[in-house]
Amino acid sequence: MSGQPAKTPRGRMTRDAIVDAAAELMYVHGVAGTSVDKVLAASGAGKSQMYHYFKNKDELVEAVIARFLEKILGNQPTIFELHDWADFDKWAQEILAVQTTPRGPIACPLGNLTGELGDDPQMAPLLDKAYREWESHLERGLKSLQAKGKLVDDADPARLAQAAMACVQGGLLMAHVRHDITPIADALRIALDHLKSHARP
């Protein structure tokens with residue numbers, strides 16, 4: 001866990017309030033545009049509380065990355081239960097459903113941070129770790145299909161998961177910047193078609 005964990009229910013509420021406020025501000029204004037003072041004002045926490053849980057802003061950013069990943073995965077629960085090809089279809093529909101809300105298409109919060117911090121030698125590995133965790137669920141699902149004989153033996157689940165993630169990220173980026181759902185809808189279809197091209201007949 002990034003920073004110091006909270007040991008009491010009240011402490012967890014305070015820590016969560018700080019992370020949630022930082023996540024919302026960083027999503028909209030970026031890391032550079034989010035000062036500690038702004039986070040404190042938005043969360044209602046005091047500076048001593050902030051530095052009790054996070055030694056510095058970098059630790060807070062690390063916690064925000066973890067919170068972003070938690071929310072992303074929470075919006076696609078089927079990713080934890082990929083046991084058949086139909087489950088991959090359902091996973092794609094969950095992503096698309098988030099993008100078709102009145103606020104959508106919305107930017108991927110990890111994508112936002114990567115655009116800002118992708119060259120930061122300290123933060124880039126943390127972002128990559130988050131993406132790899134996201135990918136790992138797809139990889140595990142593909143390995144499950146392979147074990148059941150539904151994915152060809154010479155398929156590489158890790159590479160397939162990586163390709164699917166690349167499609168998703170590119171689709172989310174283009175859909176957001178164009179305010180058009182079709183890039184992510186098409187990207188998900190391309191990802192699924194690519195995955196299924198390795199299905200055992």
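I began with E139, which is partly exposed at a relative accessible area of 23% (buried is under 20%, exposed over 50%, partly exposed in between, with a 1.4 Å probe and protein chains only). I kept in mind that this is a predicted model, where local features need pLDDT of at least 70, side-chain atom pairs count only at pLDDT 80 or more, and totals for chains, interfaces and linings use all residues. Residues are numbered from 1 along each chain as its sequence is written, and side-chain values use heavy atoms, with hydrogens and water left out.

**Salt bridges**

I looked up the partner of E139 and found K143, with N and O 3.2 Å apart in a salt bridge (a side-chain nitrogen of Lys or Arg within 4 Å of a carboxyl oxygen of Asp or Glu). Both residues sit in helix α7, 4 residues apart, about one turn of the helix (helices are DSSP runs of H or I, at least four residues, and strands are runs of E, at least two, numbered from the N terminus). K143 is partly exposed too, at 46%.

Next I checked R200 and D153, whose side chains form a salt bridge at 3.0 Å, N to O. This pair links distant parts of the chain, 47 residues apart: R200 is in the segment after α9 and D153 in the loop between α7 and α8. I noted R200 as partly exposed at 38% and D153 as exposed at 60%.

I also found D16, D20, R67 and E70 joined into one network by salt bridges that share partners. The whole structure has 11 salt bridges. Among them is E59 with K55, closest N and O atoms 3.9 Å apart; here E59 is buried at 18%, whereas K55 is exposed at 63%.

**Helix α9**

I then went through α9 and listed P183, I184, A187, L188, A191, L192 and L195 as buried. They cover an arc of only 160° around the axis, so they lie on the same side of α9 (the arc is that of the directions from the helix axis to the C-beta atoms). Their cover includes α5, α7 and α8 (contact means heavy atoms within 4.5 Å).

**Backbone**

H179 has a positive phi of about 50°, in the loop between α8 and α9. H179 is exposed, at 66%. The G104 to P105 peptide bond is cis, with omega near -10°, and P105 is in the loop between α5 and α6.
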